[in-house]
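Here are some notes to read with the structure open beside you.

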Amino acid sequence: MYSSTPSRERVIGVRGELAPRACCERTNCDFHFDTRKLLLAMCCLLFGFAGSAQAQTSSGQLTIALSVQSSISLVFQNNPAVGTNGFCPLSNAGTNNVGLDLGSASFSSGSDSLACVAYTHLGGAIYQVSSAFDVVVTKANSSSPNYQLAAEISTAPPANVTWLVNNVALSTAFTALDAADNYSQAITKTLQVQVKNNVPAQVLAETVTFLATAN
């Protein structure tokens, strides 16, 4: 009945602490067997703690705020008819900072030194020189359907000299030109200078600022 028990339980007894080499009582053998199971369970538990320590994580959140700004831009371009009478070339065309040379004109000669400048007499004592160009306004990140266009001159002109855009006289305050122009469309504007025949000989120079405002 117990013939095979001693060899099996001796092995178990060796693994136990100070167990007798020949274990004959089943209860003792069971005790050592239970101890082995307890040690095994403890080892598993320790491994479980070790695994849990390696799997620890930490997290954080970064909150981002981004504001998208709408914008419009204005540039001056040469009209397709540039070089013909009434359409002088702009210097630095395609930017928002251009120059326009209107040559030299006089009432008595009835002409201008540049063929591209349109010259005409207005009545008996005033002459006008003019040249046209294109204004292009574009938009980005905006639902604006169109824009308003205004213009002003930087300094008050001499007496009997008037600066105009499309027959609208300019002053040192912004004057409305258009109420609803389309974006990305070339809007042709004609700059005019009207001079009375009694204005002393001088150089007439002016800075004209155009203002586009989104509707």
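**Notes on the model**

1. Start with the largest pocket: its lining divides into 23 nonpolar, 10 polar and 4 charged residues. Here Ala, Val, Leu, Ile, Met, Phe, Trp, Tyr, Cys and Pro count as nonpolar, Asp, Glu, Lys and Arg as charged, and the others, Gly among them, as polar. A pocket is an open set of points on a 1 Å grid over the protein atoms alone, where a 1.4 Å probe fits, with protein on both sides within 12 Å along at least five of seven lines; lining residues have an atom within 4 Å of a point.

2. Before going on, a word on the source: this is a predicted model, where local features need pLDDT of at least 70 and side-chain atom pairs count only at pLDDT 80 or more, while totals for chains, interfaces and linings use all residues. Residues are numbered from 1 along each chain as its sequence is written, and side-chain values use heavy atoms, with hydrogens and water left out.

3. Back to the pocket. About 950 Å³ of space lies in it, the volume being the space filled by probe spheres set on the points, which are joined across faces, edges and corners. Of the 37 lining residues, Leu102, Trp163, Val193, Leu204 and Ala205 lie nearest the centre. Strands 1, 2 (105-106), 5, 10 and 11 each give two or more residues to the lining, and strand 10 has the largest share, with 4 residues.

4. How is the chain laid out? There are 2 helices and 11 strands, and from the N terminus the order is α-α-β-β-β-β-β-β-β-β-β-β-β. Helices (H or I, at least four residues) and strands (E, at least two) are DSSP runs, numbered from the N terminus. Of the 215 residues, 28% count as buried, meaning under 20% relative accessible area with a 1.4 Å probe and protein chains only; exposed is over 50%, and partly exposed is in between.

5. Now look at the largest nonpolar core, which has 30 residues; Leu74, Leu149 and Phe210 touch the most other members. Two or more residues come from each of strand 1 (71-77), strand 5 (126-140), strand 6 (147-153), strand 7 (161-165), strand 10 (187-196) and strand 11 (208-214), and strand 5 gives the most, 5 residues. Such a core is a set of buried Ala, Val, Leu, Ile, Met, Phe, Trp, Tyr and Cys residues joined through side-chain atoms within 4.5 Å. Leaving aside residues up to four places away in sequence, Leu74 touches Asn96, Val135, Val136, Val137, Leu149, Phe210 and Ala212.

6. There is 1 disulfide in the whole structure, a disulfide being a pair of cysteine sulfur atoms within 2.5 Å. Cys88 and Cys116 form it, at 2.1 Å from S to S. Cys88 sits in the loop between strand 1 and strand 2, and Cys116 in the loop between strand 3 (111-112) and strand 4 (118-122), so the pair ties together parts 28 residues apart in sequence. The torsion about their S-S bond is about 100°, so the disulfide is right-handed. Both cysteines are buried.

7. Thr188 is partly exposed, at 36% relative accessible area. Not counting residues up to four places away in sequence, Thr188 touches Asn79, Ala132, Phe133, Asp134 and Asn166, where contact means heavy atoms within 4.5 Å.
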